[in-house]
Amino acid sequence: MSGAAPVRSLAVRSEAEEQMDAPDLPASVYAAVLADLARVNRVTLAARPTLGFVRRVSRGRPFRLLDVGFGQGDMLRAIARDAARRGQPCELVGVDLNPRSAPAAAAATPAGLPIRYLTGDYADLAGEPWDMVVSSLVAHHMDADQLRAFLRFMDRHARMGWLINDLHRHGFAYHGYPLLAALMRWHPIVRADGRLSIARAYRPAEWPPILADAGVTARVMRVFPFRLCVAAER
């Protein structure tokens, strides 16, 4: 599979399509991509800001959490294990539009974790009671209208708070990622899409107008290494 052409400038967010979003991608290839993305998340400490957020807003209380765009389920597994270590009851639900995600996530999830994987649209879960809504590496897949709708959903339905955990469009990350991906021997799609994901991500100054257009108030935080998180904590 050919990789995406390098982006000439990061001054403007890329809107090129990522290979993993192709509807005709075979399920076996998609599962391999998700497995390597979970490895990327471990290497880049992706779970750290989400786990910190969950601890802060739950304050040791039982909670019910929705993860939108769960992929291989690695973030939900990290949340479940962290809550178990602290003796904190939780109910975790993941929803993903891609029908190939749930089987891949279920296969990677040990029995006994309080996680349920669903295929569908997060908007269909608006009637359920959510303490928290989180997402990881999802916002950069959305166009402006989709992102505003997602922000409004989270702000309306997350009782304790919500978090977007995504990438920061940054030159060092963009140019350095191919070296890391080659060193780790990640899947060719992960190598190509990872770089494009950085080019599709937002910069800190781009978030306030988006939040204002959505009518939502939240904090925008840079998190090492090259993560950009947007959160509302209640």
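Is His 168 buried or exposed? To find out, select His 168, in the loop between β5 and α6 (171–184); helices (H or I, at least four residues) and strands (E, at least two) are DSSP runs, numbered from the N terminus. His 168 is buried, with a relative accessible area of 7%; buried means under 20% relative accessible area, exposed over 50%, and partly exposed in between, with a 1.4 Å probe and protein chains only.

The model is predicted: local features need pLDDT of at least 70, side-chain atom pairs count only at pLDDT 80 or more, and totals for chains, interfaces and linings use all residues. Residues are numbered from 1 along each chain as its sequence is written, and side-chain values use heavy atoms, with hydrogens and water left out.

**Stop 1: around His 168**

Keep His 168 selected and display its contacts (heavy atoms within 4.5 Å). Leaving aside residues up to four places away in sequence, His 168 touches Ile 198, Ala 201, Tyr 202, Arg 203, Pro 204, Arg 222, Phe 226, Arg 227 and Leu 228.

Proceed to one of these, Phe 226, in the loop between β6 and β7. Phe 226 is partly exposed, with a relative accessible area of 30%. Its phi is near 60°, a positive value in a residue other than glycine. The loop between β6 (219–223) and β7 also holds Pro 225, which a cis peptide bond joins to Phe 224, with omega about -5°.

For another positive phi, select Arg 185, where the value is again near 60°. Arg 185 lies in the loop between α6 and α7 (188–200) and is exposed, with a relative accessible area of 73%.

**Stop 2**

The structure holds 6 aromatic pairs. Rings of Phe, Tyr and Trp (its six-membered ring) pair if their centres lie within 6.5 Å; planes under 30 degrees apart count as stacked, over 60 as edge-to-face and the rest as tilted. Tyr 202 is buried at a relative accessible area of 7%, and Trp 207 is buried at 2%.

Apart from residues up to four places away in sequence, Trp 207 touches Ala 139, Leu 147, Leu 151, Ile 164, Tyr 202, Val 220, Leu 228 and Val 230.

**Stop 3: the largest nonpolar core**

Which residues have the most contacts inside the largest nonpolar core? They are Leu 66, Val 133, Leu 147, Leu 151, Trp 162, Ile 164 and Trp 207, in a core of 28 residues. A nonpolar core is a set of buried Ala, Val, Leu, Ile, Met, Phe, Trp, Tyr and Cys residues joined through side-chain atoms within 4.5 Å. Two or more residues come from each of β1, β2 (90–96), β4, α5, β5, α8 and β7 (227–233). The most come from α5, which gives 5 residues. A second, separate core of 27 residues includes Phe 53, Ile 79, Ala 102 and Met 160.

**Stop 4: helix α5**

Select residues 144–157, which form α5. This helix of 14 residues reaches 20 Å from its first C-alpha to its last, close to the 20 Å expected at 1.5 Å a residue; the expected span is 1.5 Å times one less than the number of residues. Its buried residues are Leu 147, Arg 148, Phe 150, Leu 151, Phe 153, Met 154 and His 157. What covers them includes β1 (63–68), β4 (130–136), β5 (158–167) and α8 (207–214). Phe 150 and Phe 153 also form one aromatic cluster with Tyr 122.

At the N-terminal end of α5, show Asp 143, which caps the helix: a side-chain oxygen lies 3.2 Å from the backbone nitrogen of Asp 145.

**Stop 5: Glu 18**

Finally, select Glu 18, in the segment before α1 (27–43). Glu 18 is buried, with a relative accessible area of 3%. Beyond residues up to four places away in sequence, Glu 18 touches His 140, His 141, Asp 193, Leu 196, Ser 197 and Arg 200. Its side chain makes a polar contact with the side chain of His 140 at 3.4 Å, and with that of Ser 197 at 2.9 Å. A polar contact is a pair of N or O atoms within 3.5 Å; within protein, one must be able to donate a hydrogen and the other to accept it, and residues adjacent in sequence count only if both atoms are side-chain atoms.
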